[in-house]
Amino acid sequence: MRVVVVDDNDVWRPSLVAALASGGITVVAETSDGMELLMLLPSLGPEPIDIAVLDLRLPPTWSDEGIQLARELRRRYQELGVIILSGYERDVQLHHATQALSHLGGHGGMGYLFKDRTSRSSLRSAIHRVATGRLVVDPLFSQQATAEYRDQHSATKDFSDREVEVLDLLVQGLTNKEIADTLYLSIPAVERHLTKIFRQLLPAEISGESSVDTRRENRRVLTVLEWLRRTGHLT
Amino acid sequence: MGEDRSPVVKNGIGDHSLNAISPGLPAPDEADGPWDGDPPHAAGRVCPSRLPLLLAAISGGITMLLQWPVLASEPVFTRMNACVTVGMVVLGSYLIIQKRERFTGLAFVTAGLCWPVVALDIYPGWGPYLAFLFGGGATYFVPVIWGILRYGRPRLAYRSERLYLPLCALLTTGASLALSLFIRPEWVGLPARARWPTLIASPLAATAGGVLACLGFQVLAWYLFALVRRTMREAPPTRKDAIRPLCVFGVVFGFGSSAVYTIAILAPSVLPVHTVAIVTGAFALTLACGLGASIIRQDLITARVIDRLPYSRTPENVARYLKDVLKDESAELLYLDPDSSGLIDADGRLRYVDEELHTNRFHTWIRGSDGARISLLMAHPLLRNDAATLASLAGIISILTENARLQAVLRMRLEQLNATRIAQQHSFEQARQRFHRDLHDGVQQTIAAARMDLGAFADATTPQDYQRAITQLDAKLRLALEEVHSLKEGAQPPELRSGLRPAVERVAAELRLPARCRVTEADLGVLTVPVYYLIRESLTNVHKHARARIVDIEVATDGRMIHVAIRDDGIGGAAARVYGGIGGMRHRVEELGGRFQISSPAGAGTTMKASLPCVLS
């Protein structure tokens with residue numbers, strides 16, 4: 001697997017690269033800002049890049065260059081998986097995360113994680129999930145979103161507690177089997193919950209089992225987006 | 001004639017202001033007014049205001065005696081002559097005594113005393129000839145004598161005014177003198193046996209000369225009209241109302257008398273000699289009345305100086321009073337700050353002497369009782385022509401300044417304190433943000449990296465792997481400790497530790513902007529941080545939007561102000577587009593008591609300028 005890393009923090013970047021390398025992931029380029037990476041790209045050979053691990057805040061203005069860069073990379077490699085790895089700032093992150101999730105273009109996988117909530121193993125598994133086109137969001141988001149959703153919609157009973165738990169894990173990019181293992185459910189039980197969730201959240205032509213809509217393939221991603229949108233974290 | 005009021009008001013103010021008058025203004029003549037020396041009605045002295053009446057009685061008596069033979073047969077003619085004489089003499093002597101307008105007054109007195117000559121045609125010999133000469137020109141002798149006496153004085157500032165006077169003398173006296181050489185007295189309705197210096201009695205020459213003389217009178221009348229119009233246009237706002245009656249009656253006099261002479265010369269049979277004298281006399285009286293009205297109006301306007309004096313002398317009241325008295329909405333008084341020798345306006349804002357004096361407005365320094373400058377009066381440029389009002393105001397403004405200046409200075413100090421407070425608030429806020437950023441970019445990421453390294457133990461297979469992992473972890477933890485220590489230090493952002501200039505250059509380099517920096521080495525105190533952030537935000541804008549090839553960064557200070565200017569040669573149009581946070585930048589600069597300007601014409605680059613008053617650290 002070919003990965004590029006962009007991060008301006010000289011302490012963090014080597015640790016990150018070492019963590020990836022020891023997991024058998026090839027880091028083909030590591031730079032401290034986006035311009036540098038874009039200039040390096042032509043020299044990286046003809047094979048496509050699978051994953052870009054980007055810091056949210058990069059030079060020159062340290063605002064949201066990471067997302068801008070991701071958008072630019074997606075324009076060049078439609079299938080590229082992007083992981084935005086940012087330092088944790090409670091107030092502004094949700095905004096940037098929704099930006100990243102909803103406006104990146106292309107159709108590769110996508111992850112939004114926090115540096116100080118990531119270990120080697122969780123990072124590697126996130127990278128593998130994103131590489132297969134899935135969406136990975138730090139559990140903090142879905143927990144926060146769920147908590148807020150419950151506060152705001154205490155009267156409405158769209159979802160049972162169990163369904164919310166399934167949704168949380170879905171948002172984190174887990175497969176049906178992983179969800180089943182985590183919640184000690186059978187796989188068919190998870191599928192039942194998911195079917196109900198899809199029906200609740202998605203239009204009939206996408207959610208129905210008999211649907212031939214191409215978007216059906218992306219049901220999981222669309223569900224996560226819709227869930228985040230309903231909980232007010234995606235505009 | 002306002003004698004009860006005007007001497008007190010006029011002289012009172014005049015004397016009062018003598019000690020404080022500014023050097024640029026002509027001081028009034030040595031006063032002998034009622035407040036200076038003896039009380040006005042001291043025994044054995046004629047009160048100044050009675051002298052005009054005395055003179056009037058004497059001149060009126062002489063005129064009546066002179067016309068004794070026809071006193072009963074021609075009542076209108078004789079009374080009109082007496083009125084003109086008395087009116088002119090009273091006005092002239094009043095001008096001399098009360099207004100110290102010596103030359104104008106003398107001109108009116110002379111004209112008044114000469115007027116009875118028009119009645120000399122009742123006597124045989126040279127009488128009718130003198131009457132002809134004076135009757136034609138006596139009304140114009142007023143401006144002629146006045147003009148010749150005052151010739152070259154500053155009041156006749158323009159060449160056209162100086163030209164008008166000899167032209168008057170030439171066309172009036174010259175024309176009647178020349179005309180008299182070609183006519184017989186009986187042609188103009190005078191006794192045939194009168195002595196007359198006729199050279200050639202030619203009706204043709206007489207008609208030609210008459211037409212020429214009439215043209216001359218028309219020229220004079222229109223010339224006078226043009227002069228009066230210009231005078232009105234250029235009159236200072238304080239005088240405009242006062243000189244209006246004089247100007248109106250002056251024009252009436254000019255056109256009226258020229259019309260009468262034209263008729264009298266071209267058709268002598270229509271207007272008998274005495275009728276001409278009566279009508280011109282009436283016009284001369286209107287001129288005198290116009291002047292009198294102007295004098296009274298001026299006195300009333302001057303009286304406002306005292307009448308409207310504010311009871312509570314706050315800077316606002318003083319400002320309103322000056323606008324009112326000077327009839328000039330642009331008039332303002334700027335107080336000199338005794339400490340910084342800067343100027344302070346009524347709102348307590350700082351102004352700059354250089355900037356104020358560069359404007360086209362009139363200005364004069366007001367001096368205090370000790371002779372030192374205490375304030376600067378700024379007003380309409382034409383006000384410089386009204387030295388009298390300024391002289392009378394100088395003393396009053398001096399007193400008002402002494403009262404209001406303290407308040408203005410206090411206000412300025414308050415504004416400055418406020419600005420200092422906000423500057424500190426800003427630097428606290430920025431320190432807080434910086435702390436968060438340092439925490440986030442520094443120690444937090446270092447610990448996160450250490451955590452990431454921790455995973456190396458799980459991957460390790462050989463003792464060397466373990467050793468390397470431990471070394472790495474140890475280095476990261478030590479770095480984290482150092483970062484925690486440095487967080488505890490310094491309120492200033494670390495990039496400013498080596499000064500503003502290197503910090504600004506670093507920002508420009510990081511943004512990849514080719515920059516020319518001219519940054520002062522002076523210590524800007526507590527404002528260094530806001531100035532740095534202002535420049536950084538501005539450069540970020542340039543980087544994001546301007547597409548500039550080069551940026552000029554300038555920071556200068558004169559000890560009272562800090563001037564920041566950022567110019568780029570980019571695409572401009574910042575006002576039209578959404579240009580990141582310009583409103584916020586303006587707000588922050590104005591909060592600090594400064595001014596913020598941005599000019600960004602499309603295609604011609606953007607210039608951001610900010611000036612901040614220095615505050616005490």
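1. Arg512(B) is exposed, with 10 other C-beta atoms within 10 Å. Here a residue is buried if 20 or more other C-beta atoms lie within 10 Å of its own, exposed if 12 or fewer, and partly exposed in between, with C-beta atoms placed from the backbone. Although Arg512(B) is not a glycine, its phi is positive, about 60°. Arg512(B) sits in the loop between helix 14 and strand 6 of chain B. Helices (H or I, at least four residues) and strands (E, at least two) are DSSP runs, numbered from the N terminus.

2. On the basis of this note: this is a predicted model, in which local features need pLDDT of at least 70 and side-chain atom pairs count only at pLDDT 80 or more, while totals for chains, interfaces and linings use all residues. Residues are numbered from 1 along each chain as its sequence is written, and chains are lettered from A and ligands numbered from 1 in the order in which they are written.

3. Tyr184(A) also deserves a look. Its phi is positive, about 55°, although Tyr184(A) is not a glycine. Tyr184(A) lies in the loop that joins helix 8 (176–183) to helix 9 (187–201) of chain A. Tyr184(A) counts as exposed, with 7 C-beta neighbours inside 10 Å.

4. Chain A as a whole has 11 helices and six strands. Of its 235 residues, 42% count as buried. Among contacts in chain A between residues at least 6 apart in sequence, 64% join residues at least 24 apart. Two residues are in contact if their C-beta atoms, placed from the backbone, lie within 7 Å.

5. Two strands pair if DSSP finds at least two bridges between them. Strand 6 and strand 7 (residues 551–557) of chain B pair in the parallel sense over five bridges, and Val519(B) stands opposite Val555(B) in strand 7.

6. Axes are lines fitted to C-alpha atoms, for helices over the stretch in contact, and angles run from 0 to 180 degrees between N-to-C directions.

7. Strand 5 (residues 373–379) of chain B has six of its seven residues buried, so it is largely enclosed by the rest of the structure. Strand 5 pairs in the antiparallel sense with strand 1 (residues 332–336) of chain B over four bridges, and with strand 4 (residues 362–367) of chain B, also antiparallel, over six bridges. Met378(B) in strand 5 is the bridge partner of Glu332(B) and stands opposite His363(B). The hairpin of strand 4 and strand 5 has five residues between the strands, and Gly371(B) there takes a positive phi near 90°.

8. Helix 2 (residues 51–66) and helix 3 (residues 75–98) of chain B pack at an angle of about 155°, with their axes 8 Å apart. That makes helix 2 of chain B roughly antiparallel to helix 3 of chain B; angles under 35 degrees count as roughly parallel, over 145 as roughly antiparallel, 65 to 115 as roughly perpendicular and the rest as oblique.

9. Helix 7 (residues 203–234) and helix 8 (residues 240–266) of chain B pack at about 170°, with axes 9 Å apart. Helix 7 of chain B is therefore roughly antiparallel to helix 8 of chain B. Residues making this contact include Phe217(B) of helix 7 and Phe255(B) of helix 8.

10. The contact between the chains takes 22 residues from chain B and 18 residues from chain A. On the side of chain B that touches chain A, helix 12 (387–459), helix 13 (463–488) and helix 15 (528–546) of chain B each supply at least two residues. Helix 12 of chain B gives the largest share of that side, 15 residues.
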